[in-house]
Amino acid sequence: MLLGTLAGVRPASDRDGMNGLSNVAAADLSSSVGLAVAKASLDQAKQQGSQMVDLIQAASPVAEAPRGAVSQAPSSGETGGNLDVQG
């Protein structure tokens, strides 16, 4: 009865009032489930972000490693010396 009174409409019977309370409880449960799903998604995104940071930090020493002497002419073992521009 309280739900109908708060909404400004009196339910026709106690059954209608109970249906209203049942609907509120279902909406509350649905909201709780939605929040749980959103929290799980956020936790997964945080974990993936942390893994990406770890991957970048692990690759950092490779990028900073010396590549050896650099010369104007490519050595015989290097690829990319010839470019076929005719189709």
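Colleague: How many salt bridges does the structure hold?

Modeller: Side chains of opposite charge can pair when their charged atoms come close. The structure holds one salt bridge, the term meaning a side-chain nitrogen of Lys or Arg within 4 Å of a carboxyl oxygen of Asp or Glu. This is a predicted model, in which local features need pLDDT of at least 70 and side-chain atom pairs count only at pLDDT 80 or more, while totals for chains, interfaces and linings use all residues. Residues are numbered from 1 along each chain as its sequence is written, and side-chain values use heavy atoms, with hydrogens and water left out.

Colleague: Which side chains meet in the salt bridge, and where do they lie?

Modeller: Those of Asp43 and Lys39 meet at 2.9 Å, N to O, and both residues lie in helix 2 (residues 14-64), four residues apart, about one turn of the helix. Helices here are DSSP runs of H or I with at least four residues, strands are E runs of at least two, and both are numbered from the N terminus; the protein chain comes to two helices and zero strands.

Colleague: Is Lys39 buried or exposed?

Modeller: Buried means under 20% relative accessible area, exposed over 50%, and partly exposed in between (1.4 Å probe, protein chains only). Lys39 is exposed because its relative accessible area is 52%, whereas Asp43, at 36%, counts as partly exposed.
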